[in-house]
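Let me put the thing on the screen, and then I'll walk you through it.

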Amino acid sequence: MYPFGVVLELPTAFLTLPTRNGSTARVLRRKVRLVALKELLTFSGSALGPRTDESIRRMQSVLQRSLKQDSAAVLAAVGSPDVMVPLLSMAAGLRAPLDVAPDMMVALFASLAAESVPLEEALVWEEPVGTLPVPREGTLEFEPPAKALLVDPAGLAVELADGQRIDINEFDGIDAAGVRVGHRFVAIGPRHLDVHLSLHDSNPLALEEAHPDKDGNTVTLGDKSLDAWLAALNEALELIRLGLPEWYEELRDTTVRVLPVGYEPEMHLSASYREAPGVVYLTLHPDPLTMAEALVHETQHGKLNLLTWLDPVLHNAYTSWSASPVRPDLRPIMGVFLAVHAFVPVAALHARLAAANHALAQTRRFAERRAEVMAGNAGGLAVVRNTAEPTAMGARVLGGLQSVHEVLMGLVDASDWSDDALPMG
C-alpha cells in the first residue's frame, strides 16, 4: 500500500527503483568494500618511513587473521567513509599512500574499535593525531596533537602529548585537557537508515570539481543554522518516503553521510564522487522538493558509481561525447548516462506525488519542473541508446531506466517538449 492510499504501479528496475527489501545495493556495497579491503591489506607504507611502515604491515597481518574470525565486522570497519574513501582514492591511483594513509590509519583504528573487530593482538599507531573521527559520534580534536593510538579487544585508547592515556569508550564522557569535540555527526531521518549530517570531510578529492559552475566542495553550513539544515533534510526525506518508499528504505545501503556545502537560494548544486560511495555533498535550498530531488540525484550517482568499480557499464564511457543544451561543456556519454540514471527516479517521485495529490504537486512550478525532467530524460535516453555501447550489466541498467520512463511517459503530455533536452546533471 503506497502512502496517501494511492497506488501508482511502477516497474522495479535494476539500480533505479528497487524491490521491497531488495539486496542489490547491499551486495554492490559489500563488493566495493572488498575492493577497499584489498587495498588496505596490500598497500605499501614504505614512503612513510620504517617505523610507520612496520605499523602498517603489522596491521595488515593482524587483520588478515581477523577476517577469518569475523569478516562482516572487518568489512563494516573498512566501510566507514573516513576509511573507505582514502582507500578507494589510493585504489584508483588518484592519491599516494604518503598523502592519505596517515589520516586513514587514524580513522581505521577508531572504526575497528567501533565495530568490535576481533584482534588477536594490540595495534599501535605512533604518529601525531590532530583529529580522530569516531563512527556514529563525531570528531575529537587534540591540541597539541596526541602522540599515539592503541586499539585492542578492550577498545581504543589515545596517548596525549603529556603522556596521559584516555580510553575512547563514551564519546561524551571524555574530560581531559587539550581534548574537545570538534564536530558531531547528527542523524537524519529514522535511526535504522543510519544516515547522518557531518561537518567532517575525509575525502581527499573534495576540492576537485567536474561541474563548470562549481569550485570544489568546501564543507560549510553557509549562513544557516544546523537546525535549518536538519529541518530541510528531514522534510526532503519525508517527501522521498511518501513518493519512493522502497527507494527510501534502500538508503540504509546506499547513503551514509551528507556534507553541507553552503546555501543557494536560486539554484541547487550537489556533488558525489566515485571514490566516495555513500557520501553526498548538498547545498541548502528553500524548496523541499529541490532538496528531495538532490538527495535522489546524488544517491543514484553513488549506486552507479558502485557498479563502475566492478564493471565498466559502457565500453565507450569516456571516448564518445555529447553536446549539452543545459551545460556549457561537452559531456562524455557516461555523463549523460549518469544523469538519466539520476533523473528517472526523480521523475518517478514527481509522478507519485502528483498521483497522491500532494500539496506540492498542485503548483504551476511543479508541473513545469516535472515536464522539464521528463523531457530531459527522453532526450538523454535517446542519446544513450544511439551512442552508448553498454556492457551486459550496463544494458541491464539501461533497460530498467527505459521501462520506468515508458510508464511515466504515459502519464504526461509531451506535445510541447524541446527536441534537444537533456538531463541537467
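Predicted model: local features only at pLDDT ≥ 70, side-chain atom pairs only at ≥ 80, totals over all residues.

β6 itself covers residues 165–167, and R165 belongs to it. Who does R165 touch, once you skip residues up to four places away in sequence? That would be L150, A157, V158 and E159. And is R165 buried or exposed? Its relative accessibility is 53%, and the cut-off for exposed is over 50%, so R165 counts as exposed.

Zooming out, these two strands are part of an open four-stranded sheet, ordered β1-β4-β5-β6, with antiparallel pairing. From one strand to the next, the twist averages 20°. Then there's helix α4, residues 97–114, which lies across β1, β4 and β5 and runs at about 145° to β1.

Okay, sheet number two. Here we have five strands in an open sheet, in the order β8-β9-β10-β12-β11, and the pairing is mixed. β8 (186–188) and β11 (270–271) stand at the edges with a single partner strand each, so one side of each has no neighbour in the sheet. What does β11 pair with, over two bridges? That's β12, residues 279–284, in the antiparallel sense. If you want to find it on screen, look for A271, whose bridge partner in β12 is Y281. A helix lies across this sheet as well: α8, residues 288–308, goes over β10, β11 and β12, at about 160° to β12.

Last stop, the packing. The largest nonpolar core has 123 residues, and the ones with the most contacts inside it are L40, L132, F142 and F337. Which helix gives the most to this core? It's α9, residues 333–355, with 15 residues. Apart from that core there's another one, of ten residues, including V85, A206, Y273 and A276.

Let me pick out L40: beyond its neighbours within four places in sequence, L40 contacts M59, Q60, L63, V78, L87, M104 and L108.

Technical notes: Residues numbered from 1 in each chain as written. Heavy atoms only, no water. Core = buried A, V, L, I, M, F, W, Y, C linked by side-chain atoms within 4.5 Å. Buried < 20%, exposed > 50% of the residue type's maximum accessible area, 1.4 Å probe, protein only. Contact = heavy atoms within 4.5 Å. Pairing = 2+ DSSP bridges. Axes fitted to C-alpha atoms, helices over the stretch in contact; angles between N-to-C directions.
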